[in-house]
Amino acid sequence: MADNISFKKVTTEYYDVLKELGNIGAGNATTALAQMLQTKVDMKVPQVRLLDFKDVGEVMGGEEQIVVGIYLAVEGDITGSIMFVLEQNAGKVLVSKLMGMPPAEGGFSEMEISALKEIGNIITGAYLNSLAQMTNLKMLPSVPDLNIDMLNAILSVPAIEFGIMGDQILLIQTVFTDDVDLNGYFILMPDLESYSKMLGALGIPV
């Protein structure tokens with residue numbers, strides 16, 4: 001097993017596979033979200049970007065903005081974690097649709113946070129299921145942990161996770177649309193051994 005794997009070695013073939021994974025995962029997440037909200041939800045083509053980690057905050061709209069970060073540990077054939085980051089306004093809109101009431105002023109109530117956790121659980125679960133189907137590897141998500149904070153604080157978790165693999169990150173941006181555009185971002189963080197296993201399952205030599 002190679003111990004010096006890095007996103008810096010990404011080939012065109014691998015990048016194409018990751019783009020396809022982003023499309024399928026985000027598509028399944030959109031379908032799951034539409035079923036949960038019982039309303040039509042469309043999705044713009046996901047943007048899959050390979051970035052230096054220091055640039056991620058700027059690409060996501062600025063490190064000081066308040067966002068919702070939903071974090072799950074992953075076990076099974078693949079171990080690691082996945083994070084779904086949602087702009088605060090997008091979180092408010094989704095919660096209000098799920099609860100059938102106008103968005104509340106100010107921060108999130110306990111009921112809204114519970115609803116956000118459920119939304120995050122559904123979206124990340126659908127995304128992981130897509131990855132599991134593509135790789136034929138078992139991936140079991142934990143109970144989601146939700147934080148509402150400035151983006152730079154939320155990103156401190158993947159910053160630590162990705163430290164073992166280098167300073168680059170794969171960011172998948174998905175825009176869900178109904179009457180407004182809702183920006184969401186997936187960050188998948190397999191551990192080093194799982195990363196190699198995933199590449200092998202996708203037909204990419206490691």
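Two strands pair if DSSP finds at least two bridges between them. Helices (H or I, at least four residues) and strands (E, at least two) are DSSP runs, numbered from the N terminus.

## Basis of the description

This is a predicted model, in which local features need pLDDT of at least 70 and side-chain atom pairs count only at pLDDT 80 or more, while totals for chains, interfaces and linings use all residues. Residues are numbered from 1 along each chain as its sequence is written, and side-chain values use heavy atoms, with hydrogens and water left out.

## Overall composition

The protein has 7 helices and 8 strands. Of its 206 residues, 47% count as buried (under 20% relative accessible area; exposed is over 50%, and partly exposed lies in between, with a 1.4 Å probe and protein chains only). The protein exposes about 9,700 Å², of which carbon and sulfur atoms supply 51%; these areas come from the Shrake-Rupley method with a 1.4 Å probe.

Contacts (heavy atoms within 4.5 Å) between residues at least 6 apart in sequence join residues at least 24 apart in 73% of cases.

## Pairing around strand β3

Strand β3 (residues 66–76) and strand β4 (residues 80–87) pair in the antiparallel sense over 8 bridges. The two form a hairpin with 3 residues between them, and Leu72 has Ile82 of β4 as its bridge partner.

Strand β3 also pairs in the antiparallel sense with β6 (residues 145–150), over 6 bridges; here Gly69 is partnered by Asn147. A further antiparallel pairing joins β3 to β5 (residues 139–141) over 3 bridges, with Gly76 opposite Met139.

The structure holds 2 aromatic pairs. Phe84 and Phe186 form a tilted pair, 4.8 Å centre to centre with 40 degrees between the planes. This pair links strand β4 to strand β8 (residues 181–190), across 102 residues. Phe84 is buried at a relative accessible area of 0%, and Phe186 is buried at 1%.

The rings of Tyr127 and Phe186 have centres 4.3 Å apart and planes at 15 degrees, so this pair is stacked. Tyr127 lies in helix α4, 59 residues from Phe186, and is likewise buried. Rings of Phe, Tyr and Trp (its six-membered ring) pair if their centres lie within 6.5 Å; planes under 30 degrees apart count as stacked, over 60 as edge-to-face and the rest as tilted.

## Other side-chain contacts

Thr135 is found in helix α4 (residues 110–135) and is buried, with a relative accessible area of 6%. Not counting residues up to four places away in sequence, Thr135 touches Met198, Ala201 and Leu202.

Lys92 lies over the face of Phe108, at 4.6 Å from the ring centre (the criterion is NZ of Lys or CZ of Arg within 6 Å of the ring centre and within 35 degrees of the ring normal).
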